Amino acid sequence: MINLLLLAIAPIFIIIIYVYFKDKYDKEPKGLLLASFLLGAVVSIIVTTIIYLGFDILLPLNDSFSVPQQFVKAFLVVGLTEEFSKYIIVRFFAQPKKAFNEPFDGIMYAVMVSMGFAATENVFYVLESGYITGFLRAFTAVPAHATFGILMGYFMGKAKFSKHSIRLNLLGLLLAVTFHGFYDFFLFIDFIPGIWTGAIISLILGVILSHKAIKKHQDDSHFNPDNNL
């Protein structure tokens with residue numbers, strides 16, 4: 001039990017530590033980071049559960065092998081619901097804070113919320129399904145949630161300091177939903193031989209773009225001494 005729990009949460013904190021130390025110039029208050037994590041772990045899960053129940057009533061999907069149905073499930077039901085539940089916490093809790101004072105902070109807080117969500121989800125999956133699931137998710141689902149958070153946070157970080165804040169915030173949400181949707185869609189239609197590789201490709205692309213997003217906000221930070229020369 002303890003070993004499974006450690007397996008479930010270890011990749012979460014490895015990613016958090018990695019992104020935290022990528023925040024080179026102005027570290028975020030640990031209290032706000034913890035609060036964002038806990039909100040993701042609890043509130044996002046609650047919001048997601050409520051919306052899922054609503055979809056079950058308004059848009060019931062059967063378990064058939066219909067590709068269009070799986071597409072709707074991946075993008076509208078799962079992708080939009082889960083990313084929206086994270087987005088509202090970053091938007092209405094973290095983004096208005098004074099400590100949110102550089103674009104990189106969008107990435108930092110979005111990752112904390114996403115990793116909170118992923119922690120709760122991962123604990124349930126790993127405790128239910130065991131070690132193999134834990135190892136697989138450590139290299140797939142958990143980093144996928146991180147990339148969704150980074151891509152969303154990149155634009156939400158830009159939005160805080162732009163006159164086009166609404167558009168940039170929604171662009172961040174849309175990008176996270178898109179990557180989440182494609183990742184899940186290829187997994188949902190695994191009845192097509194080899195199609196699951198599409199999820200791996202989308203994850204790799206997300207990781208590459210996430211790396212570029214982190215580097216871009218590092219370089220553009222107004223706390224970067226090179227920008228004050």
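A salt bridge is a side-chain nitrogen of Lys or Arg within 4 Å of a carboxyl oxygen of Asp or Glu. The model toured here is predicted: local features need pLDDT of at least 70, side-chain atom pairs count only at pLDDT 80 or more, and totals for chains, interfaces and linings use all residues. Residues are numbered from 1 along each chain as its sequence is written, and side-chain values use heavy atoms, with hydrogens and water left out.

Select D220 and K216, whose closest N and O atoms are 3.2 Å apart in a salt bridge. D220 is partly exposed at 41% relative accessibility, and K216 is partly exposed at 40%. (Buried means under 20% relative accessible area, exposed over 50%, and partly exposed in between, with a 1.4 Å probe and protein chains only.)

Next, select K215 and D219, which form a salt bridge of 2.8 Å, N to O. The relative accessible area is 41% for K215 and 34% for D219.

**Helix α3**

Move to K86 and E83, joined by a salt bridge of 2.9 Å, N to O. This pair lies in helix α3, three residues apart. K86 is buried, with 0% relative accessibility, and E83 is likewise buried at 0%. The structure holds four salt bridges in total.

Now display I57, L58, L59, F71, V72, L76, L80 and F84 as a surface: together they form a nonpolar patch with about 710 Å² of accessible area. Such a patch joins nonpolar side chains (Val, Leu, Ile, Met, Phe, Trp, Tyr) within 5 Å, from residues with over 30% relative accessible area and no salt bridge; areas come from the Shrake-Rupley method with a 1.4 Å probe. Helices α2 (30-58) and α3 (67-94) each give two or more residues to the patch, and α3 gives the most, with five. Within α3, F71 is partly exposed at 38%.

**The second largest pocket**

Finally, select I15, Y18, A146, I150 and V207, which lie nearest the centre of the second largest pocket among its 14 lining residues. On a 1 Å grid over the protein atoms alone, a pocket is an open set of points where a 1.4 Å probe fits, with protein on both sides within 12 Å along at least five of seven lines; lining residues have an atom within 4 Å of a point. The volume of this pocket is about 280 Å³, counted as the space filled by probe spheres set on the points. Helix α1 gives the most to the lining, with five residues.

Note on methods: Patch = residues over 30% accessible without salt bridge, like charges linked within 9 Å, V, L, I, M, F, W, Y side chains within 5 Å. Helix = DSSP H or I, 4+ residues; strand = E, 2+ residues; numbered from the N terminus.
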